[in-house]
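Welcome! Please take a moment to look over the sequence and the fold shown here.

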Amino acid sequence: MSEILTALKERRSVRVFTDEPVSPEDLKTIFEIASYAPTARNSQAWWATVVQGLDNIAKLNEEVKKANQKPGYERYRELTKTASYSINFHRAPVFIIVGVDREKSFCPSEDGALVIGYILLAAHDLGLGACWINQLGVISDEPDFRAYLTQLGFPPSHKIIGCVALGRRQSLPKVPDRVKDHFNVVG
Ligand SMILES: Cc1cc2nc3c(=O)[nH]c(=O)nc-3n(C[C@H](O)[C@H](O)[C@H](O)COP(=O)(O)O)c2cc1C
(Lines give C-alpha, C1' and ligand atoms only; values in the text may rest on other atoms or scores of the structure.)
Protein backbone atom coordinates (compact mmCIF):
# COMPACT_ATOMS: atom_id res chain seq x y z
CA MET A 1 0.00 0.00 0.00
CA SER A 2 1.35 3.49 -0.82
CA GLU A 3 2.46 5.89 1.93
CA ILE A 4 -0.55 8.11 1.34
CA LEU A 5 -3.04 5.24 1.61
CA THR A 6 -1.30 4.02 4.77
CA ALA A 7 -1.49 7.55 6.25
CA LEU A 8 -5.20 7.74 5.40
CA LYS A 9 -5.76 4.56 7.39
CA GLU A 10 -3.49 5.50 10.30
CA ARG A 11 -4.76 9.05 10.99
CA ARG A 12 -6.80 9.20 14.17
CA SER A 13 -8.55 11.89 16.19
CA VAL A 14 -5.94 12.69 18.81
CA ARG A 15 -7.17 14.08 22.12
CA VAL A 16 -4.07 13.82 24.30
CA PHE A 17 -1.17 16.17 23.63
CA THR A 18 2.26 16.95 25.03
CA ASP A 19 2.88 20.54 26.25
CA GLU A 20 5.15 21.30 23.28
CA PRO A 21 4.07 24.12 20.99
CA VAL A 22 3.60 23.51 17.27
CA SER A 23 6.45 25.05 15.26
CA PRO A 24 5.78 27.86 12.75
CA GLU A 25 7.26 25.58 10.04
CA ASP A 26 4.73 22.85 10.81
CA LEU A 27 1.86 25.37 10.76
CA LYS A 28 3.11 26.68 7.42
CA THR A 29 3.21 23.15 5.98
CA ILE A 30 -0.27 22.34 7.29
CA PHE A 31 -1.79 25.40 5.61
CA GLU A 32 0.17 24.85 2.41
CA ILE A 33 -1.30 21.33 2.21
CA ALA A 34 -4.78 22.64 3.13
CA SER A 35 -4.53 25.11 0.23
CA TYR A 36 -4.62 22.10 -2.11
CA ALA A 37 -8.02 20.92 -0.85
CA PRO A 38 -10.68 20.84 -3.58
CA THR A 39 -13.38 23.50 -3.36
CA ALA A 40 -16.60 23.86 -5.37
CA ARG A 41 -15.83 25.79 -8.57
CA ASN A 42 -12.32 26.25 -7.12
CA SER A 43 -13.41 29.18 -4.96
CA GLN A 44 -10.68 28.51 -2.34
CA ALA A 45 -12.69 30.93 -0.20
CA TRP A 46 -11.60 29.69 3.22
CA TRP A 47 -9.76 31.19 6.14
CA ALA A 48 -8.17 29.81 9.29
CA THR A 49 -7.41 31.74 12.46
CA VAL A 50 -4.85 29.99 14.63
CA VAL A 51 -5.16 30.64 18.36
CA GLN A 52 -1.99 29.57 20.18
CA GLY A 53 -1.25 29.12 23.86
CA LEU A 54 -3.49 27.91 26.67
CA ASP A 55 -4.22 31.47 27.93
CA ASN A 56 -5.42 32.69 24.55
CA ILE A 57 -7.50 29.55 24.08
CA ALA A 58 -8.96 30.00 27.58
CA LYS A 59 -10.06 33.54 26.61
CA LEU A 60 -11.67 32.16 23.45
CA ASN A 61 -13.40 29.57 25.61
CA GLU A 62 -14.85 32.30 27.86
CA GLU A 63 -16.29 34.06 24.79
CA VAL A 64 -17.74 30.77 23.54
CA LYS A 65 -19.39 30.12 26.88
CA LYS A 66 -20.88 33.65 27.00
CA ALA A 67 -22.24 33.37 23.44
CA ASN A 68 -23.94 30.08 24.21
CA GLN A 69 -25.95 31.73 27.00
CA LYS A 70 -27.47 34.34 24.63
CA PRO A 71 -31.12 34.01 23.49
CA GLY A 72 -31.39 32.05 20.25
CA TYR A 73 -28.21 30.06 20.84
CA GLU A 74 -29.57 27.24 22.95
CA ARG A 75 -28.10 24.16 21.25
CA TYR A 76 -25.14 23.86 23.64
CA ARG A 77 -26.48 26.13 26.42
CA GLU A 78 -26.66 23.47 29.12
CA LEU A 79 -23.37 21.86 28.11
CA THR A 80 -21.40 25.10 28.03
CA LYS A 81 -22.69 26.70 31.21
CA THR A 82 -20.94 24.27 33.57
CA ALA A 83 -17.76 25.65 35.17
CA SER A 84 -15.76 22.69 33.88
CA TYR A 85 -16.80 23.03 30.23
CA SER A 86 -14.01 23.94 27.83
CA ILE A 87 -13.77 23.85 24.06
CA ASN A 88 -10.18 22.82 24.79
CA PHE A 89 -10.72 20.12 27.37
CA HIS A 90 -8.05 18.19 25.48
CA ARG A 91 -5.57 21.00 26.44
CA ALA A 92 -4.18 21.27 22.93
CA PRO A 93 -1.59 24.07 22.57
CA VAL A 94 -3.17 25.22 19.28
CA PHE A 95 -6.81 25.74 18.37
CA ILE A 96 -7.66 26.48 14.73
CA ILE A 97 -10.94 28.10 13.67
CA VAL A 98 -11.80 27.31 10.04
CA GLY A 99 -14.32 29.40 8.14
CA VAL A 100 -15.63 29.75 4.61
CA ASP A 101 -16.86 32.88 2.83
CA ARG A 102 -20.61 32.41 2.45
CA GLU A 103 -20.79 34.75 -0.57
CA LYS A 104 -17.82 33.42 -2.49
CA SER A 105 -18.17 29.70 -1.79
CA PHE A 106 -20.86 27.68 -3.57
CA CYS A 107 -20.76 24.95 -0.93
CA PRO A 108 -19.37 26.42 2.32
CA SER A 109 -19.88 23.37 4.53
CA GLU A 110 -18.44 20.94 2.01
CA ASP A 111 -15.47 23.18 1.16
CA GLY A 112 -14.70 23.75 4.83
CA ALA A 113 -15.00 20.08 5.73
CA LEU A 114 -12.48 19.12 3.06
CA VAL A 115 -10.06 21.83 4.19
CA ILE A 116 -10.33 20.51 7.75
CA GLY A 117 -9.78 16.98 6.44
CA TYR A 118 -6.56 18.11 4.76
CA ILE A 119 -5.45 19.87 7.97
CA LEU A 120 -6.04 16.68 9.97
CA LEU A 121 -4.11 14.57 7.47
CA ALA A 122 -1.20 17.00 7.16
CA ALA A 123 -0.93 17.14 10.96
CA HIS A 124 -0.85 13.35 11.09
CA ASP A 125 1.89 13.15 8.49
CA LEU A 126 4.01 15.66 10.47
CA GLY A 127 3.82 13.46 13.58
CA LEU A 128 1.34 15.84 15.23
CA GLY A 129 -2.10 15.03 16.53
CA ALA A 130 -5.35 16.77 15.68
CA CYS A 131 -9.05 16.50 16.36
CA TRP A 132 -12.08 18.21 14.82
CA ILE A 133 -13.92 20.29 17.44
CA ASN A 134 -17.45 21.09 16.46
CA GLN A 135 -19.23 23.45 18.83
CA LEU A 136 -18.31 26.91 17.45
CA GLY A 137 -20.35 26.79 14.23
CA VAL A 138 -23.67 27.41 15.96
CA ILE A 139 -22.47 30.70 17.54
CA SER A 140 -20.66 31.88 14.42
CA ASP A 141 -23.06 34.83 14.03
CA GLU A 142 -23.83 35.72 17.64
CA PRO A 143 -23.04 39.48 17.52
CA ASP A 144 -20.67 39.77 20.52
CA PHE A 145 -18.85 36.59 19.60
CA ARG A 146 -18.58 37.81 16.01
CA ALA A 147 -17.04 41.08 17.24
CA TYR A 148 -14.49 39.03 19.21
CA LEU A 149 -13.73 36.88 16.15
CA THR A 150 -13.17 40.03 14.12
CA GLN A 151 -10.65 41.22 16.74
CA LEU A 152 -8.83 37.91 16.25
CA GLY A 153 -8.62 38.60 12.51
CA PHE A 154 -11.32 36.13 11.43
CA PRO A 155 -13.10 37.68 8.41
CA PRO A 156 -16.69 38.95 8.99
CA SER A 157 -17.78 37.37 5.69
CA HIS A 158 -16.85 33.87 6.85
CA LYS A 159 -19.02 31.33 8.61
CA ILE A 160 -17.27 28.97 11.03
CA ILE A 161 -17.36 25.43 9.64
CA GLY A 162 -15.35 23.71 12.34
CA CYS A 163 -12.28 23.89 14.52
CA VAL A 164 -9.19 21.78 15.02
CA ALA A 165 -7.38 21.07 18.29
CA LEU A 166 -3.73 20.60 17.36
CA GLY A 167 -0.58 19.61 19.18
CA ARG A 168 2.17 17.05 19.40
CA ARG A 169 0.63 13.66 19.95
CA GLN A 170 1.72 11.29 22.70
CA SER A 171 0.48 8.24 20.83
CA LEU A 172 -2.04 7.21 18.20
CA PRO A 173 -5.39 5.96 19.53
CA LYS A 174 -6.63 2.53 18.54
CA VAL A 175 -8.61 2.39 15.29
CA PRO A 176 -12.35 2.33 16.02
CA ASP A 177 -14.10 -0.65 14.40
CA ARG A 178 -14.92 0.12 10.79
CA VAL A 179 -18.40 -0.23 9.33
CA LYS A 180 -17.95 -2.33 6.21
CA ASP A 181 -19.94 -2.57 2.97
CA HIS A 182 -20.45 1.13 2.30
CA PHE A 183 -20.84 0.79 -1.45
CA ASN A 184 -22.41 -1.06 -4.29
CA VAL A 185 -21.28 -1.38 -7.87
CA VAL A 186 -23.57 -1.29 -10.86
CA GLY A 187 -22.44 -2.80 -14.16
C1 LIG B 1 -18.00 16.80 11.67
C2 LIG B 1 -17.18 16.24 12.83
C3 LIG B 1 -17.34 16.78 14.09
C4 LIG B 1 -16.56 16.30 15.15
N5 LIG B 1 -16.66 16.91 16.38
C6 LIG B 1 -15.87 16.49 17.39
C7 LIG B 1 -15.86 17.18 18.64
O8 LIG B 1 -16.56 18.19 18.83
N9 LIG B 1 -15.07 16.71 19.64
C10 LIG B 1 -14.27 15.59 19.47
O11 LIG B 1 -13.57 15.20 20.42
N12 LIG B 1 -14.25 14.92 18.28
C13 LIG B 1 -15.00 15.34 17.25
N14 LIG B 1 -14.93 14.72 16.02
C15 LIG B 1 -14.04 13.55 15.83
C16 LIG B 1 -14.83 12.23 15.73
O17 LIG B 1 -15.34 11.90 17.01
C18 LIG B 1 -13.91 11.13 15.20
O19 LIG B 1 -13.53 11.45 13.88
C20 LIG B 1 -14.57 9.76 15.21
O21 LIG B 1 -14.82 9.34 16.53
C22 LIG B 1 -13.72 8.70 14.52
O23 LIG B 1 -12.40 8.63 15.08
P24 LIG B 1 -11.13 8.84 14.17
O25 LIG B 1 -11.11 10.25 13.66
O26 LIG B 1 -9.96 8.53 15.07
O27 LIG B 1 -11.21 7.86 13.04
C28 LIG B 1 -15.67 15.19 14.96
C29 LIG B 1 -15.52 14.66 13.65
C30 LIG B 1 -16.25 15.19 12.60
C31 LIG B 1 -16.04 14.64 11.21
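What follows is a short tour of the sheet, the helices, a loop and the ligand site.

## About the model

This is a predicted model, in which local features need pLDDT of at least 70 and side-chain atom pairs count only at pLDDT 80 or more, while totals for chains, interfaces and linings use all residues. Residues are numbered from 1 along each chain as its sequence is written.

Helices (H or I, at least four residues) and strands (E, at least two) are DSSP runs, numbered from the N terminus.

## The sheet

Let's begin with the open sheet of four strands, whose order is β1-β2-β4-β3 with antiparallel pairing. Its edge strands, each pairing on one side only, are β1 (46–52) and β3 (128–133). On average, neighbouring strands of this sheet are turned by 25 degrees against each other, direction ignored. In general, strands of a sheet pair through backbone hydrogen bonds, either parallel or antiparallel. Here, two strands count as paired if DSSP finds at least two bridges between them.

Strand β4 (residues 158–168) pairs with β3 in the antiparallel sense over six bridges. You can trace this pairing residue by residue: G129 stands opposite G167, A130 has L166 as its bridge partner, and C131 has A165. β4 also pairs with β2, again in the antiparallel sense, over eight bridges. There, V94 stands opposite L166.

How enclosed are these strands? A residue is called buried if 20 or more other C-beta atoms lie within 10 Å of its own, exposed if 12 or fewer, and partly exposed in between, with C-beta atoms placed from the backbone. Five of the six residues of β3 are buried, so β3 is largely enclosed by the rest of the structure.

## The helices

Helix α3 (residues 54–67) lies across β1 and β2 (94–101), running at about 115 degrees to β1. For such angles, axes are lines fitted to C-alpha atoms, for helices over the stretch in contact, and angles run from 0 to 180 degrees between N-to-C directions.

Helix α5 (residues 108–125) has 18 residues, which should span 26 Å at 1.5 Å a residue; its end C-alpha atoms are 26 Å apart, which agrees. The expected span is 1.5 Å times one less than the number of residues. Among the buried residues of α5 are P108, V115, I119 and L121. Their cover includes α1 (3–10), α2 (24–34), β1, β2, β3 and β4, where contact means C-beta atoms, placed from the backbone, within 7 Å.

Helix α1 holds I4. I4 is exposed, with 9 other C-beta atoms within 10 Å. From C-alpha to C-alpha, I4 and C131 are 19 Å apart in space, and they are 127 residues apart in sequence.

## A glycine in the loop

G127 sits in the loop between α5 and β3, and its phi is positive, near 80 degrees. G127 counts as exposed because it has 9 C-beta neighbours inside 10 Å. The C-alpha atoms of G127 and R168 are separated by 7.0 Å, although these residues are 41 apart along the chain.

## Around the ligand

Which residues are around the ligand? They are R12, S13, R15, C131, W132, I133, N134, Q135, P173 and P176. A residue is near a molecule if its C-beta atom, placed from the backbone, lies within 6 Å of it.

By class, this shell has five nonpolar, three polar and two charged residues. Ala, Val, Leu, Ile, Met, Phe, Trp, Tyr, Cys and Pro count as nonpolar, Asp, Glu, Lys and Arg as charged, and the others, Gly among them, as polar.

Definitions and conventions:
Contact = placed C-beta atoms within 7 Å.
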